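Open the model in your viewer and keep the selection tool at hand. The stops below run from the whole chain down to single residues.

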Amino acid sequence: MSDPLTSLQRALSDRYAIERELGRGGMATVFLAQDLKHRRPVAVKVLRPDVGRALGSDRFLKEIDLASRLQHPHILGLLDSGAAADLLYYVMPFVEGESLRQWLEREKQLPLDQALVIAKQVADALDYAHRHGVVHRDIKPENILLSEGHALVADFGIAKALETAGGERLTETGMALGTPYYMSPEQATASRSLDGRSDIYALGCVIYEMLAGTPPFTGPSGQAILARHSVDPVPSLRTVRSTVSPGVEWAVTKAMAKVPADRFATAAELAKALADSERAPWGSNRGLRLRRMGWVGAVLAAMLLTVGAVLGIRNHSRAAFASGRLHQIRSLAVLPLENLSGDSSQVFFADGMTDQLITDLAQIGALRLISRSSVMRYRGEGKSATEVAAELQVDAIVGGSVQRVGNKVRITANLIPRQ
């Protein structure tokens, strides 16, 4: 790149003083430069010479000009673009910080609260861009920059400009548009009718990686990864990180639905779902509830009625306990419901039902419920209910199972008093 760099330095010497390389990718190299007129540091991104030749300058610069009109707190703006010494370039503000990719390489898994802040800020940027007719098409950790706790989405409109200006010619040169780890099923099939829901899918993949420490789908080749995006179910987040709430997992799974119509209609809806999941307790019947899954809510209600009927506590208040009618059971522990589906990916479903049951029973003020964190350690230990009740010092244990096959669910819930 030394000769093109020298040519670029000469061609732009009246406007930018190029200082050093910041990084390079498959299609472009980024340089730190000084904007001589405004006396500020900028990042100049230069397309590879063969990519520039495949595109042609006129159409690329016309398309990229559309993205330059986006003005949003979480979008890295476009300052300038052009062709110099047969090279195509565009100029962005220089961000003092790091990319999300760099953070993930260092930490692997991000703190839950910080990951959700980044996700909501990116969703905010996407919603704004989509309302202005711009789809990013290449949402990935490398294109999310972090500075002072502030997320900035870079390269808005660049993928669209590349595709429009010379997508087929780029394919012939071996260049792929998009990144397999984050590509929606429709983008993987080279659909010409991509809309904002493709970006929502990609953001779902990014959120998954921030929380799990690895992309949702991996494979030995790009083709293998794209195939998994199209056919494999989203792996359970809570299987690899139990501190992720059912609400967050539900939002990520919905964002990554195979069919665009099954995803959030807008990025704003995704941001709201993530915000609701933070405000509500795990599985709470306020905010983001599992009832949004349709029939899941009905199943959960049936389970709650089953336990409630045995306890005699449905619709009873503290006064009922005070009257002595229910004096025999004042404390309760709900053990993790056993997943009988024969499908490990359904563990999250059973855990979500457990969480919701604990939360709903906890609404009865005079009944002491043992916390989820205290009971989850008994999963798979093989201890009897009476042993667990004695260890936790509770009057009774609720145990049971969930078996989900297709759209049918069979549940059992048993109340076992401490002996």
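Start with the chain as a whole: of the contacts between residues at least 6 apart in sequence, 64% join residues at least 24 apart, where contact means heavy atoms within 4.5 Å. This is a predicted model, in which local features need pLDDT of at least 70 and side-chain atom pairs count only at pLDDT 80 or more, while totals for chains, interfaces and linings use all residues. Residues are numbered from 1 along each chain as its sequence is written, and side-chain values use heavy atoms, with hydrogens and water left out.

Colour by secondary structure to see 17 helices and 13 strands; these are DSSP runs numbered from the N terminus, helices being H or I of at least four residues and strands E of at least two. Of the 419 residues in the chain, 51% are buried (buried is under 20% relative accessible area, exposed over 50%, partly exposed in between, with a 1.4 Å probe and protein chains only).

Next, select Pro49, which lies in helix H2, residues 49-55. Pro49 is partly exposed because its relative accessible area is 23%.

Move on to helix H4 (residues 100-107) and helix H8 (residues 196-212), whose axes are 10 Å apart and at an angle of about 30°. Axes here are lines fitted to C-alpha atoms, for helices over the stretch in contact, and angles run from 0 to 180 degrees between N-to-C directions. The angle makes H4 roughly parallel to H8 (angles under 35 degrees count as roughly parallel, over 145 as roughly antiparallel, 65 to 115 as roughly perpendicular and the rest as oblique). Show side chains for Leu100, Arg101 and Leu104 in H4, which meet Val206, Glu209 and Met210 in H8.

Stay with H8 and bring in H9: the buried residues of H9 pack against H8 and helix H7 (185-188). Which residues of H9 are buried? Select Ile225, Leu226 and His229. They lie on the same side of H9, because they cover an arc of only 100° around the axis, the arc being that of the directions from the helix axis to the C-beta atoms. Gln223 and Val231, on the other side of H9, are exposed.

Finish at Val231, in helix H9 (residues 222-231), with a relative accessible area of 64%. Its C-alpha atom is 7.9 Å from that of Lys258, 27 residues apart along the chain.
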